2 protein chains.
Amino acid sequence: MENKIITLANRPNGIVESSNFKLEERNIPELEDGQLLIKVEYISLDPAMRGWMNEGTTYIKGVAIGAVMRGFAAGKVVQSKNEDFQKGDYVTGMLGVQTHAISDGKDLSKVDIRAGRLSLHIGVLGMPGMTAYFGLLEKGQPKAGETIFISGAAGIVGSTVGQIAKIRGCKVIGTAGSEKKCEYLIKECNLDAAINYKTQDIADELKKHAPNGVDIFYDNVGGEILDIALANLARGARVVICGAISQYNKPKIQGPSNYMKVVTARGVMNGIIVFDYIDQYPRAVKDIATWLEKGKMQSKEHIKEGIENFPSTLRMLFTGDNFGKLLLKV
Amino acid sequence: MENKIITLANRPNGIVESSNFKLEERNIPELEDGQLLIKVEYISLDPAMRGWMNEGTTYIKGVAIGAVMRGFAAGKVVQSKNEDFQKGDYVTGMLGVQTHAISDGKDLSKVDIRAGRLSLHIGVLGMPGMTAYFGLLEKGQPKAGETIFISGAAGIVGSTVGQIAKIRGCKVIGTAGSEKKCEYLIKECNLDAAINYKTQDIADELKKHAPNGVDIFYDNVGGEILDIALANLARGARVVICGAISQYNKPKIQGPSNYMKVVTARGVMNGIIVFDYIDQYPRAVKDIATWLEKGKMQSKEHIKEGIENFPSTLRMLFTGDNFGKLLLKV
């Protein structure tokens with residue numbers, strides 16, 4: 001049996017190129033005691049992948065040249081010499097961008113597909129969902145009646161944040177990059193306002209929809225939109241930094257000129273590292289599964305097929321061509 | 001009797017120029033009921049003055065062209081038709097850059113010169129001292145044994161922060177712009193390390209003196225030094241934004257590229273607006289006066305004389321030519 005893998009051929013200089021990756025085939029070795037073999041079914045495409053392609057920092061270790069591209073994925077156990085896992089179990093973890101993964105079982109999570117179909121466990125029931133849930137509820141501390149502004153609101157994290165904020169009784173304004181996405185935010189995610197950052201003046205629209213300022217800004221985008229949000233903070237605002245998708249392909253991140261507005265608003269800027277809440281994931285999965293089941297929350301998936309299409313699919317994340325949680329079906 | 005006043009002649013474009021101001025003489029009118037006349041003795045030179053010279057924002061109203069330059073000052077009541085103030089009382093307040101001020105008594109503070117000589121009440125016992133005290137203790141939340149890094153450490157706010165942090169048992173590292181100032185920080189303010197930002201590599205020195213990172217960064221400077229500090233935060237760090245003296249003369253503030261380091265450090269960035277603590281000033285004045293009296297704290301003053309020297313004295317703040325709290329003796 002052959003394992004098809006995507007390796008990192010070289011590091012990108014700016015935007016990700018297909019030539020940064022190489023498709024290879026490798027034999028799958030016999031399992032050793034304690035190991036298990038997983039057939040990968042869905043691979044998550046995440047902005048963090050861009051960072052992993054770099055040399056690395058003290059905080060994030062880069063993928064080595066020639067190594068399997070790092071990736072969060074979901075799959076099914078097809079062989080097991082590990083007593084904690086049975087053939088037929090469904091799992092998620094850092095399985096890598098490949099069709100088959102061998103694991104020692106550490107850092108794998110078993111998933112209960114009764115809570116939702118497998119693909120949802122790398123989306124709204126997985127890391128992006130957890131990032132939204134804990135970032136909003138723990139760092140944002142939303143109170144009913146407050147106004148929240150979300151950048152990248154049609155992405156998996158943004159749309160989950162927006163829907164949870166609505167459930168919590170907030171007024172929610174989000175940005176997205178197309179009319180279709182804005183319509184989705186209003187009609188399916190129940191947001192109060194959606195700003196098309198490609199065609200509308202974000203600052204004007206934000207002032208119109210949040211005349212008293214923004215109590216929570218949940219930022220997935222960074223750059224100009226962060227500065228606009230900072231200029232419109234309400235007193236006591238919480239700025240929750242989750243990502244900076246607009247900046248990841250740049251050699252140097254553009255810092256927010258308006259950072260002192262956090263001070264004058266008597267606000268606070270911090271952010272979400274989802275791994276800090278790992279012990280509390282079950283509670284979040286249960287809440288989100290319940291909301292999905294009751295129809296209080298939607299989760300849109302954008303599924304591409306074929307491991308060989310990984311490079312072009314990853315690029316879609318940065319061009320904004322995805323609509324919903326971007327997944328690769330293996 | 002004549003009042004000598006400094007008015008704002010025009011708005012600066014970048015750095016403050018003497019030609020932005022005009023020295024004028026005006027008659028002092030008769031007092032109306034409820035008013036009092038103050039002979040101004042010391043005028044405080046503050047970085048905020050640069051902001052007041054601009055057109056203004058929703059948060060800070062600019063000084064009008066032709067109006068008396070705004071300024072915090074201390075003086076003595078020489079005539080009073082206000083029952084709350086007696087001739088001979090000492091007061092501080094926004095008296096403006098002039099030799100005599102007429103006030104209705106609102107927003108004036110009576111000062112007790114037994115706690116310290118008059119000039120200290122616009123320094124370490126006044127707004128800068130309060131800014132240091134509450135910024136450090138309320139926002140920074142220092143704990144004994146923690147490492148604190150202070151930019152602009154030889155300034156009135158910075159040196160007060162540093163000395164309070166030492167009293168609280170912290171390891172304190174500060175930056176300053178001359179050997180003399182660095183020596184002052186070590187020998188008189190009792191700091192553990194001083195970095196000369198004009199001759200030393202700040203990042204290298206900071207790593208050397210704070211190998212485990214910085215638990216509190218108290219920022220008076222902004223710009224490059226803020227980015228260096230953010231790259232060296234310890235887990236759970238507090239970033240207290242107080243000022244950005246390096247940026248005030250620039251058309252656009254340079255935002256911190258490393259702002260996401262606050263997130264990875266599980267830190268928090270906020271800042272100090274001293275007016276929020278006005279009800280608690282007496283407690284801070286008492287603490288600082290006690291420390292001064294017991295010799296646990298020093299306060300260095302840099303006093304220039306003559307109202308006509310206001311423009312050149314103000315420029316010293318931005319060139320770093322002052323050494324200690326900069327005051328104009330009227």
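This is a predicted model: local features need pLDDT of at least 70, side-chain atom pairs count only at pLDDT 80 or more; totals for chains, interfaces and linings use all residues.
Local features require pLDDT of at least 70 and side-chain atom pairs pLDDT 80 or more, whereas totals for chains, interfaces and linings use all residues. Residues are numbered from 1 along each chain as its sequence is written, and side-chain values use heavy atoms, without hydrogens and water.

Chain B and chain A bury about 2400 Å² between them, with 66% of this area on carbon and sulfur atoms; buried area is the accessible area (1.4 Å probe) lost by two parts on being put together, summed over both. In chain B, the greatest losses to chain A fall on Y259(B), V263(B) and R266(B), which together supply 26% of what that side buries. The contact (heavy atoms within 4.5 Å) draws 30 residues from chain B and 30 residues from chain A.

Four salt bridges cross the interface of chain B and chain A, each defined as a side-chain nitrogen of Lys or Arg within 4 Å of a carboxyl oxygen of Asp or Glu. R235(A) and D276(B) form a salt bridge through their side chains, at 3.6 Å from N to O.

The largest nonpolar core comprises 54 residues, and F149(A), V239(A), F149(B) and V239(B) have the most contacts inside it. Such a core joins buried (under 20% relative accessible area, 1.4 Å probe, protein chains only) Ala, Val, Leu, Ile, Met, Phe, Trp, Tyr and Cys residues through side-chain atoms within 4.5 Å. Residues up to four places away in sequence aside, V239(B) touches F217(B), L226(B), L230(B), L233(B), V262(B), V268(B), M269(B) and N270(B).

How values were computed:
Chains are lettered from A and ligands numbered from 1 in the order in which they are written. Buried means under 20% relative accessible area, exposed over 50%, partly exposed in between (1.4 Å probe, protein chains only).
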